[in-house]
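Hi,

Here is the structure I said I would pass on.

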Amino acid sequence: MKFVDEVTIHVKAGDGGKGAVAFRREKFVPKGGPSGGDGGKGGTIFLVADENNTTLLDYRFQPIHKAPNGEPGGGNDCNGKDGHDIVLKVPVGTVIKDLHSGQVLFDMSTNGEQVVLAQGGLGGLGNMNFATSTRQAPRFAQPGTPGDEKDVVLELKLLADVGLLGYPNAGKSTLISHVSKAKPKIAEYPFTTLTPHLGVVQYKDGLSFVMADIPGIIEGAHEGAGLGHQFLKHVERCRVLVHLLDCTSPGDDRDPIKDFETLNRELKLYDENLSKKPQIVALNKIDVPEARERADQAIKKLKRKKLKVVEISSATGEGLGELLDKVAEKIFAAKKQ
């Protein structure tokens with residue numbers, strides 16, 4: 001299934017049916033009174049957050065959703081049939097925004113949460129409702145009211161406790177595949193991971209938390225460089241951020257400290273609150289001999305920033321237990337606040 005995290009859709013609720021103008025025509029009742037029924041209500045469009053949905057792909061192929069109109073009223077006091085409602089299911093964590101104003105309309109953060117996206121129109125009253133002692137034969141009825149119509153943006157922001165950040169090939173996919181049952185694609189070239197991956201980490205004493213591999217964040221990500229701008233929004237809901245830093249020699253202009261500072265700068269430029277989230281630094285690939293020396297140098301500088309630092313190897317599993325301990329400490333401390 002292709003991961004789609006942002007789509008624009010058009011929704012139109014049903015219009016209310018018009019009321020009827022009618023009079024009784026019964027045997028032996030030469031002057032029957034008004035009998036026009038009311039129009040039916042238009043169908044309403046609801047949104048429901050469903051944890052079984054993980055992508056907005058269906059709405060990419062079906063961007064227009066219209067609910068049926070209410071039927072008009074009839075004679076003999078017959079009311080029109082209501083238009084049936086439509087329920088659209090979206091993944092938990094979907095934010096709904098007005099396309100034109102950018103205003104956030106709803107934030108679907110709880111499984112089963114239901115909201116009205118477009119309200120159906122009311123049916124018009126038939127002429128039988130307007131009969132009075134002085135107006136016994138009204139020859140008018142109400143039209144139905146129109147249903148809501150709008151263009152909205154559905155934007156999925158993943159719900160994860162931990163966000164894994166790092167340059168391409170820092171080892172994020174390998175790490176998440178070791179500590180959870182997630183099976184991301186792993187290869188030795190940049191931007192192997194083109195979509196975020198979620199994995200449930202089974203921790204100690206029956207505790208668990210959700211970890212997300214956030215791909216493509218590099219220098220200039222907040223302006224659209226690499227894939228970062230597309231996926232930075234998935235960091236917003238994470239309680240804890242783990243910086244995975246490559247301690248080998250990925251390039252002449254790269255080192256663990258510079259990577260860390262670059263990533264943090266991109267977070268701040270995208271949303272200043274992101275850089276203030278609890279952070280843990282994982283110095284990766286220490287199974288490579290030359291990486292140990294780089295890691296030792298980085299630890300001295302990072303500890304001056306009062307950061308929690310762990311040396312790990314995503315490939316061999318070394319240090320992963322200690323990393324999960326520090327992550328769990330941060331997560332469950334944040335949940336208690």
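Before the helix I want to start with, a definition: the expected span of a helix is 1.5 Å times one less than its number of residues. Helices (H or I, at least four residues) and strands (E, at least two) are DSSP runs, numbered from the N terminus. Bear in mind that this is a predicted model, where local features need pLDDT of at least 70 and side-chain atom pairs count only at pLDDT 80 or more, while totals for chains, interfaces and linings use all residues. Residues are numbered from 1 along each chain as its sequence is written, and side-chain values use heavy atoms, with hydrogens and water left out.

So, helix α4 (residues 256-270): its 15 residues reach 21 Å from first C-alpha to last, close to the 21 Å expected at 1.5 Å a residue. Its buried residues (buried is under 20% relative accessible area, exposed over 50%, partly exposed in between, with a 1.4 Å probe and protein chains only) include Ile257, Phe260, Leu263 and Leu267, and also Asp259 and Glu266. What do they pack against? The partners are β9 (162-165), β12 (240-246), β13 (279-284) and α5 (289-304), going by contacts, meaning heavy atoms within 4.5 Å.

Zooming out, the protein has six helices and 14 strands, and 49% of its 337 residues are buried. Of the contacts with a separation of 6 or more, 72% are between residues 24 or more positions apart.

Next, the cores. A nonpolar core here is a set of buried Ala, Val, Leu, Ile, Met, Phe, Trp, Tyr and Cys residues joined through side-chain atoms within 4.5 Å. The largest has 25 residues, and Ile9, Leu47, Leu56, Tyr59, Leu88 and Leu154 touch the most other members. At least two residues each come from β1 (6-12), β2 (45-50), α1 (57-61), β4 (86-91), β7 and β8. Another core, of 23 residues, lies apart from it, with Val201, Tyr203, Phe209 and Ala282 among its members.

Aromatics: there are two pairs. Rings of Phe, Tyr and Trp (its six-membered ring) pair if their centres lie within 6.5 Å; planes under 30 degrees apart are stacked, over 60 edge-to-face, and the rest tilted. Phe130 and Phe140 make a tilted pair, 5.0 Å centre to centre with 40° between the planes. Both sit in the loop between β7 (114-118) and β8 (149-156), so the pair ties together parts that are ten residues apart in sequence. Phe130 is buried at 16% relative accessible area, whereas Phe140 is partly exposed at 35%. Tyr203 and Phe209 have ring centres 6.3 Å apart and planes at 50°, so that pair is tilted; both residues are buried.

Ser314 is buried, at 2%. Beyond its neighbours within four places in sequence, Ser314 contacts Gly171, Thr174, Leu175, His178, Leu244 and Asn284. A polar atom of its side chain lies 3.4 Å from the backbone oxygen of Gly171.

Cheers

Definitions and conventions: Polar contact = N/O pair within 3.5 Å; in protein donor to acceptor, adjacent residues only side chain to side chain.
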